[in-house]
Amino acid sequence: MNKQEQIYKELPGLLSPWFLENARELPWREDREPYHVWISEIMLQQTRVEAVRGYYLRFLRELPDIQALAEAEEERLLKLWEGLGYYNRAKNLQKAAKLLISEYNGVFPSEYSEILKLPGIGEYTAGAIASTCFDEPVAAVDGNVLRVISRLTESYDDILKPAVKKSVKQKLEEVYPKTDCGVFTQALMELGATVCLPAGKPKCELCPVKSLCLAKKHGTQMELPVKTRKKDRMAEERTVFVLQCNGRIALRKREKKGLLAGMWELPNLQGKQDAAQALKTAELWECGPERLCKEVTRSHIFSHIRWDMVCFYIECKAMPDAFQWIEEPEIDASISIPTAFRQFLAIHAGKAD
Ligand code: SF4
């Protein structure tokens, strides 16, 4: 048995007991109900644990089970998701819930291969649910787990390569415990999230597996893991309009396809206009612009693109049908608007600078 195989083999025996002693108390860890684990795992993609906590509790209060999720009005669902971003995740949750009702009798499938068939569920989430809720020995490998394994085995393989992820998953599954599989899955995640931290800040002295760790032994923790640099995000300039008339604000729905598909938005267009051009545009839209109140610039980062935006706040005297003119309190209470646009409304309402 080589050194790496030895590390994998000894990992569960050291890590699982440490987790049982040191696990953070998180609301989705209170039981092993698949609906709870599923919702939390989807929310936790791209979002920090602390930020998810409140969203998760509110979501479960409003939509406590698969049936409620399947039947929820899309607008209500998106409102519950507002601020978490990546709205397709919420839409896929509902698609999957509907499928669970129609094809699975409303019962969550208990096997990894079946869970993987549900919309919006990839290998990581399927592994997390199958091992945590159904004790199936399948690994859930994400960036956290890859970082831990790279350092433990002092591997300089590029963790963004699918082949590397596949190999780590396979090697972990060879050593998965026969029972309490979910404990090992969560222990690996917890180590990555609380001890073997990214950006060169691992807390090696507190680490329950430091005796195995080759990176610690050779002082190479800061060099690992290896990730090829992602291509720079494409930047796009946009002009956004907060058109106000009699306490109402102009909104419209986005196209059903593409970025933020089907979501509400403030009127906007590609390219950066100056104040005179923006007033002209409002004129062309037949809004009867009367006064330019404010001009604000902001950026918003999506996964593959960055919007550099200039926003014009314009008082108007007409409300053309091209837009929906909605009262501000109603927007706040029941309309879900992506953060890219919501930030301009928050400035308008004095809730942000
Ligand atoms: Fe990570 Fe340090 Fe633990 Fe190695 S010893 S796994 S580098 S925290």
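Grid points are joined across faces, edges and corners, and a volume is the space filled by probe spheres set on the points. Keep in mind that this is a predicted model, in which local features need pLDDT of at least 70 and side-chain atom pairs count only at pLDDT 80 or more, while totals for chains, interfaces and linings use all residues. Residues are numbered from 1 along each chain as its sequence is written, and side-chain values use heavy atoms, with hydrogens and water left out.

The largest cavity holds about 110 Å³ of space. Of its 14 lining residues, Arg151, Cys196, Cys204, Cys207 and Cys213 are the closest to the centre. Helix α9 (143–153) gives the largest share of this lining, 3 residues. (Helices are DSSP runs of H or I with at least four residues, strands are runs of E with at least two, and both are numbered from the N terminus.) By class, the lining has 10 nonpolar, 1 polar and 3 charged residues. In this scheme Ala, Val, Leu, Ile, Met, Phe, Trp, Tyr, Cys and Pro are nonpolar, Asp, Glu, Lys and Arg are charged, and the others, Gly among them, are polar.

So what sits in the largest cavity? The ligand does, where sitting there means that more than half of its atoms lie within 2 Å of the grid points. Among the residues around the ligand are Arg151, Cys196, Cys204, Cys207, Cys213 and Lys216; a residue is near a molecule if one of its heavy atoms lies within 4 Å of it. That shell divides into 7 nonpolar, 1 polar and 3 charged residues. Even with these cysteines around, the structure holds 0 disulfides (pairs of cysteine sulfur atoms within 2.5 Å). Cys204 has a relative accessible area of 14%, so it counts as buried, and Cys207, at 13%, is buried too. The cut-offs are under 20% for buried, over 50% for exposed and in between for partly exposed, with a 1.4 Å probe and protein chains only.

The second largest cavity holds about 40 Å³. Its lining includes Glu74, Glu75, Leu78 and Trp264, and α5 (74–81) gives the largest share, 3 residues.

Now for an open space. A pocket is an open set of points with protein on both sides within 12 Å along at least five of seven lines. The second largest pocket has about 570 Å³ of space. It is lined by 25 residues, with Gly85, Tyr86, Tyr87, Leu260 and Phe302 nearest its centre. Two or more residues each come from α6 (88–103), β5 (289–301) and α15 (339–348), and α6 gives the most, with 3.

With a relative accessible area of 36%, Tyr86 is partly exposed. Glu154, in the loop between α9 and α10 (162–174), also has a positive phi, near 50°.

Pro225 is in the loop between α12 (214–218) and β1 (234–245).

Key
On a 1 Å grid over the protein atoms alone, a cavity is a set of points where a 1.4 Å probe fits but cannot get out, and a pocket is an open set with protein on both sides within 12 Å along at least five of seven lines; lining residues have an atom within 4 Å of a point.
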